[in-house]
Amino acid sequence: MSGAYDDRDGKIWMDGKLVEWRDANVHILTHALHYASSVFEGERCYDGKVFKSRKHSQRLLKSGELMDMAIPYTVDEIEAAKRATLDANGLTNAYLRVVAFRGAGEDMGVAASRNPIRMAVTAWEWGNYYGDAKMKGAKLDIAKWKRPSPETIPVAAKAAGLYMICTMSKHAAEAKGCSDAMFLDYRGYVAEATGANIFFVKDGEVHTPLADSILNGLTRQTVIGMLKDRQIKVHERHIMPEELEGFEQCFLTGSAAEVTPVGEIGDFNFEVGTLTREIAEGYEKLVRS
């Protein structure tokens, strides 16, 4: 499947039923379009099985709750919608996007409690998120924007509005020949990439930012578990940007990114080392087990 995302063959699940891909539209006065009242999940299906599927569905509901949007579906109903979407499109290896949002209704201002909460599930084939970076390591810019304080946004929600600075930062990175950008947080600590968590390796131990102002990714949690199973010490802590010089390896984790090695961040270089490769390969096996 290729071409513009709004002009494809296939089916999309919307509000309880499957509709033709090209007909899966919303009104221009959809609240989410104006006020970012939207939460989502990005998931991957491997050989017919969605990795951590129920955890993704649970997090979607949690994100809705944090955004004062009671999503009118249960975990089981979301799971059934994902299965129906994959089956309708004949997909066994795919990326899924589940989105819940405030639709058009009686309100069209900042407050919109009378508007319906809608949900859609889409799926398509999507290769490596960072192209050939799996082999040689991604090149990252350092974003000029910072991840905001938990006092200003619901950091535990996977909410559309929180990605505004991600789009801007990724565009700026791509203009410099990079494939992504790394954020610092509001305190100046290393935070994450635009759509992935970040890990560093030094002297056989792993260091990763504390998830106190960033989304504690499901892939992040999976990889920390894998490292601990291998008896590798994991330090979840605040990391200063000047520490990057002392790290030997770096990798990103995310449902779309999977485990992707990083070769450069700004002026800092990293080797695509043994531990990074082992975790990337281990993750590949785990998601298909």
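Trainee: Is Tyr5 buried, partly exposed or exposed?

Mentor: Tyr5 has 44% relative accessibility, so the residue counts as partly exposed; buried means under 20% relative accessible area, exposed over 50%, and partly exposed in between (1.4 Å probe, protein chains only). This is a predicted model, in which local features need pLDDT of at least 70 and side-chain atom pairs count only at pLDDT 80 or more, while totals for chains, interfaces and linings use all residues. Residues are numbered from 1 along each chain as its sequence is written, and side-chain values use heavy atoms, with hydrogens and water left out.

Trainee: How many aromatic pairs does the structure hold?

Mentor: Rings of Phe, Tyr and Trp (its six-membered ring) pair if their centres lie within 6.5 Å; planes under 30 degrees apart count as stacked, over 60 as edge-to-face and the rest as tilted. The structure holds 10 such pairs. In one of them, the ring centres of Tyr5 and Trp124 are 5.2 Å apart and the planes stand at 70°, so the pair is edge-to-face. Tyr5 lies in the segment before β1 (11–14) and Trp124 in strand β6 (residues 117–124), 119 residues apart, so the pair links distant parts of the chain. Helices (H or I, at least four residues) and strands (E, at least two) are DSSP runs, numbered from the N terminus. Trp124 counts as buried because its relative accessibility is 9%.

Trainee: Which residues do ring pairs link into a cluster with Tyr5?

Mentor: The cluster consists of Tyr5, Tyr95, Trp124 and Trp126.

Trainee: Which charged end sits over the ring of Tyr5?

Mentor: A charge sits over a ring if NZ of Lys or CZ of Arg is within 6 Å of the ring centre and within 35 degrees of the ring normal. For Tyr5 the charged end is that of Arg8, 3.9 Å from the ring centre. The charged end of Arg147 likewise sits over the ring of Phe183, 5.0 Å from its centre.

Trainee: Where do the buried residues of α7 fall, seen down the helix axis?

Mentor: An α-helix has 3.6 residues a turn, so residues three or four places apart point the same way. The buried residues of α7 include Leu275, Ile279 and Tyr283. The buried residues of α7 fall within an arc of 165° (taken from the directions from the helix axis to the C-beta atoms), so they line one face of the helix. On the other side of α7, Thr274 and Lys285 are exposed.
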